[in-house]
Amino acid sequence: VQLQAFGGGLVQAGGSLRLSCAASGTISSINYMGWYRQVPGKQRELVAQITGGGITDYADSVKGRFTISRDNAENTVYLQMNSLKPEDTGVYYCKTNLRTSLGRSSINWGQGTQVTVSS
């Protein structure tokens, strides 16, 4: 199973970006999908997550600005980021908890995509 993340870049404060992360491989089902952020010297932290049933949860710092969604047919998770702030800067990683076609549970991380918000 592989995760490929796309959509990072450089944007001015107040701008928007949309991240996407596609899972590929022998996948039976994906329960959990999430986005995490990491900045130098700090631990990776949860930004947003969505369950297989569509229940979402967000870090307090992004509530009302970020929206997580998923396309189950495409095994893809999205993160729409609006009203971006310089403190949103970091490397964004996607994470999935899925079941392979062999029935095994697998936790996977994407390669990370850099988001830089200038003031």
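There is one aromatic pair here by the ring rule, which takes rings of Phe, Tyr and Trp (its six-membered ring) with centres within 6.5 Å and calls planes under 30 degrees apart stacked, over 60 edge-to-face and the rest tilted. Keep in mind that this is a predicted model: local features need pLDDT of at least 70, side-chain atom pairs count only at pLDDT 80 or more, and totals for chains, interfaces and linings use all residues. Numbering runs from 1 along each chain as its sequence is written, and side-chain values use heavy atoms, with hydrogens and water left out.

**The ring pair**
- Tyr36 belongs to strand E4 (residues 27–38) and Trp109 to strand E10 (residues 105–109), so the pair ties together parts 73 residues apart in sequence; strands (E, at least two residues) are DSSP runs numbered from the N terminus.
- Tyr36 is buried at 12% relative accessibility, while Trp109 is partly exposed at 36% (buried is under 20% relative accessible area, exposed over 50%, partly exposed in between; 1.4 Å probe, protein chains only).

**Charges over rings**
- Trp109 also has the charged end of Arg44 sitting over its ring, 4.6 Å from the centre (NZ of Lys or CZ of Arg within 6 Å of the ring centre and within 35 degrees of the ring normal).
- Over the ring of Tyr78 sits the charged end of Arg18, 4.1 Å from the centre.

**Around Gly90**
- Gly90 is part of strand E9 (residues 90–100) and is buried, with a relative accessible area of 5%.
- Beyond its neighbours within four places in sequence, Gly90 contacts (heavy atoms within 4.5 Å) Arg37, Gln38, Val39, Thr113, Gln114 and Val115.
- Gly90 and Thr113 are 23 residues apart along the chain, with 8.4 Å between their C-alpha atoms.

Definitions and conventions
Helices (H or I, at least four residues) and strands (E, at least two) are DSSP runs, numbered from the N terminus.
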